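I opened the notebook to record what I looked up in this structure. The entries go from the whole chain to single residues.

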Amino acid sequence: MSRMTPFSSPLLLGFDTMEKTLERIAKGSDGYPPYNIERIAADDSKAETLRITLAVAGFSQADLEVTVQDNQLIIRGRQVDSEDREYLHRGIAARQFQRTFMLADGMRVLNADLRNGLLAIDLVKPEPERAAKRINISVSE
């Protein structure tokens with residue numbers, strides 16, 4: 001028995017990669033680090049601006065990496081344990097994380113800013129051009 005998916009309709013052609021992306025997202029990840037996504041008030045441009053803010057307290061700029069690869073925004077954090085410390089109590093762990101966000105076509109990262117333990121990443125999504133294209137029909141005899 002084959003499983004039915006929202007993209008199994010014969011009217012939806014070429015959505016294989018989107019279905020795989022949704023499956024990957026559904027697998028989920030842990031909730032670390034917590035994050036917000038907000039829409040920034042639009043200025044005169046028609047582009048929509050979004051801001052992703054991650055709580056990365058304890059991470060320095062050198063511990064963080066932000067990359068875009070194949071329509072994915074990937075944020076990595078790596079902290080190295082210091083060998084020369086002797087803890088009497090350790091309640092703050094040196095954690096590593098990787099948080100991935102899928103980006104729509106045309107979205108681009110404007111900047112990333114680390115301030116007061118919050119990493120803010122601004123993205124812009126330009127308004128798509130609406131265009132209709134007429135397809136010529138050839139007649140074979």
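**Basis.** I worked from a predicted model, in which local features need pLDDT of at least 70 and side-chain atom pairs count only at pLDDT 80 or more, while totals for chains, interfaces and linings use all residues. Residues are numbered from 1 along each chain as its sequence is written, and side-chain values use heavy atoms, with hydrogens and water left out.

**Whole chain.** I looked up the secondary structure and found 1 helix and 7 strands; helices (H or I, at least four residues) and strands (E, at least two) are DSSP runs, numbered from the N terminus. From the N terminus the order is α-β-β-β-β-β-β-β. Of the 141 residues, 23% are buried; I took buried as under 20% relative accessible area, exposed as over 50%, and partly exposed as in between (1.4 Å probe, protein chains only). The chain exposes about 11,700 Å², and carbon and sulfur atoms supply 50% of that area; the accessible areas come from the Shrake-Rupley method with a 1.4 Å probe, and for residues only the protein chains shown count as cover. Among contacts (heavy atoms within 4.5 Å) between residues at least 6 apart in sequence, 50% join residues at least 24 apart.

**Strand E4.** I next followed E4, which pairs with strand E3 (residues 64-69) in the antiparallel sense over 6 bridges; two strands pair if DSSP finds at least two bridges between them. E3 and E4 form a hairpin with 2 residues between them, and Asp70 in the turn has a positive phi of about 50°. E4 also pairs with E5 in the antiparallel sense, over 7 bridges, and the bridge partner of Leu73 in E5 is Phe101. Since 5 of the 7 residues of E4 are buried, I noted the strand as largely enclosed by the rest of the structure.

**Salt bridges.** How many salt bridges does the rule give? I counted 5, a salt bridge being a side-chain nitrogen of Lys or Arg within 4 Å of a carboxyl oxygen of Asp or Glu.

I found the side chains of Arg51 and Asp122 in a salt bridge at 2.6 Å, N to O. Arg51 lies in strand E2 (residues 48-55) and Asp122 in strand E7 (residues 118-125), so the pair ties together parts 71 residues apart in sequence. Arg51 is partly exposed at 27%, whereas Asp122 is buried at 12%.

Glu65 and Arg76 form another salt bridge, with the closest N and O atoms 3.5 Å apart. Glu65 is in E3 and Arg76 in E4, so this pair joins parts 11 residues apart in sequence. Arg76 is also the bridge partner of Glu65 in E4. I recorded Glu65, Arg76 and Arg78 as linked in a network of salt bridges.

**Gln79.** Is this residue, Gln79, buried or exposed? I found Gln79 buried, at a relative accessible area of 17%. Gln79 sits in the loop between strand E4 (72-78) and strand E5 (96-102). The Gln79 side chain reaches the backbone oxygen of Gly58 at 2.7 Å, and a polar atom of that side chain lies 3.3 Å from the backbone nitrogen of Arg95. Leaving aside neighbours within four places in sequence, I listed the contacts of Gln79, among them Phe59, Asp63 and Ala93.

Conventions: A polar contact is a pair of N or O atoms within 3.5 Å; within protein, one must be able to donate a hydrogen and the other to accept it, and residues adjacent in sequence count only if both atoms are side-chain atoms.
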